[in-house]
Amino acid sequence: MIRVVVVDDHEIVRKGIIAYLQTDQDIDVVGQAESGKEGVEVTLQERPDVVLMDLIMEDGNGIEATTHITQQSPSCKIIILTSFYDDEQIFPALEAGAFSYLLKTSSATEITEAIKKAYHNEAVIEPKVAGKWMSNFRSVEKKPHEYLTEREWEVLLCIGNGLTNQEISEQLYIGIKTVKTHVSNILSKLEVNDRTQAAVYVHRNRLYQQK
């Protein structure tokens with residue numbers, strides 16, 4: 001049996017979800033709550049496998065509750081079930097540790113299936129939400145220079161200052177062969193063809209201000 005707790009401050013919605021879930025022989029609703037704070041308390045007491053969590057509630061929101069639960073009961077899977085899919089709700093909820101994210105427009109069958117998938121470690125993300133999440137992920141994707149090691153950073157800044165390999169060797173107290181290896185790695189990681197392009201990269205991205 002999959003042990004489930006339902007957290008939603010709308011009584012009709014909460015009881016309707018519970019009534020449907022109780023018709024499934026694989027699911028056991030072991031608790032319910034009408035606020036984020038109460039949801040945390042019930043969850044930590046009952047230790048369910050899955051929590052259906054609303055986001056916007058009067059006494060403590062679902063994001064705060066999700067954070068507390070995932071920190072204190074990391075094996076519990078949190079499924080966000082909400083009417084909201086704006087950036088201010090999606091990203092904080094997923095970053096707080098939510099496992100799946102569904103909208104209340106989902107059918108009862110879809111909610112049930114999401115619970116069963118969560119139990120088997122399969123996440124379900126509403127397509128509208130997934131699209132926003134992927135767009136955000138791409139926007140925060142690492143820039144090439146963020147993959148450099150600390151030593152490669154130092155060599156790159158030297159290149160930006162116009163130093164030769166010999167001068168870099170003397171300034172950083174490393175062998176000339178080591179300098180050449182670092183330069184080669186830097187050019188590869190930055191996807192540039194030569195030292196001049198690497199130097200331009202330094203100034204274009206204002207890397208001196210980041211170190």
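This is a predicted model: local features need pLDDT of at least 70, side-chain atom pairs count only at pLDDT 80 or more; totals for chains, interfaces and linings use all residues.
A polar contact here is a pair of N or O atoms within 3.5 Å, where one must be able to donate a hydrogen and the other to accept it.

Let's start with the whole chain. It has ten helices and five strands, and buried residues make up 43% of its 211 residues. If you take contacts between residues at least 6 apart in sequence, 64% of them join residues at least 24 apart.

Now look at the sheet. The five strands form an open sheet, ordered β2-β1-β3-β4-β5, with parallel pairing. β2 and β5 are at the edges with a single partner strand each, so one side of each has no neighbour in the sheet. On average, neighbouring strands are turned by 20° against each other, direction ignored. Helix α1, residues 11-21, packs on this sheet and touches β1, β2, β3 and β4. The direction of α1 makes about 165° with that of β2.

You can walk across the sheet by following the bridges. β1 and β3 run parallel and are joined by four bridges; Val 6 has Leu 52 in β3 as its bridge partner. Going on from β3 to β4, there are again four bridges between parallel strands, and here Val 50 is partnered by Lys 77 in β4. The step from β4 to β5 is also parallel, with four bridges, and Ile 79 stands opposite Ser 100 in β5.

In soluble globular proteins, nonpolar side chains tend to be buried together. The largest nonpolar core in this model has 24 residues, and those with the most contacts inside it are Val 7, Val 51, Met 53, Ile 78, Ile 80 and Tyr 101. The elements giving two or more residues to this core are the strands β1, β2, β3, β4 and β5 and the helices α2, α3 and α4. The largest share, four residues, comes from α4. There is also a second, separate core of 22 residues, which includes Leu 156, Leu 157, Val 183 and Val 192.

Thr 70, in α3, is where the opening definition comes in. A polar atom of its side chain lies 2.8 Å from the backbone oxygen of Thr 66. A polar atom of the Thr 70 side chain also lies 3.1 Å from the backbone oxygen of Ala 96. Leaving aside neighbours within four places in sequence, Thr 70 is in contact with Ile 78, Ala 96 and Gly 97.

Next, move along to α8, residues 165-172, where you'll find Leu 172. Is Leu 172 buried or exposed? Buried means under 20% relative accessible area, and Leu 172 has 15%, so it counts as buried. Setting aside neighbours within four places in sequence, Leu 172 is in contact with Arg 151, Glu 154, Val 155 and Cys 158. Cys 158 is 14 residues away from Leu 172 in sequence, and their C-alpha atoms are 9.3 Å apart.

Most residues other than glycine have a negative phi. Glu 191 is not a glycine, yet its phi is positive, about 60°. Glu 191 sits in the loop between α9 and α10, and at 70% relative accessibility it counts as exposed. Arg 206, in the segment after α10, also has a positive phi, about 50°, without being a glycine. With a relative accessibility of 57%, Arg 206 counts as exposed.

Note on methods: Residues are numbered from 1 along each chain as its sequence is written. Side-chain values use heavy atoms; hydrogens and water are left out. A nonpolar core is a set of buried Ala, Val, Leu, Ile, Met, Phe, Trp, Tyr and Cys residues joined through side-chain atoms within 4.5 Å. Buried means under 20% relative accessible area, exposed over 50%, partly exposed in between (1.4 Å probe, protein chains only). Contact means heavy atoms within 4.5 Å. Two strands pair if DSSP finds at least two bridges between them. Axes are lines fitted to C-alpha atoms, for helices over the stretch in contact, and angles run from 0 to 180 degrees between N-to-C directions.
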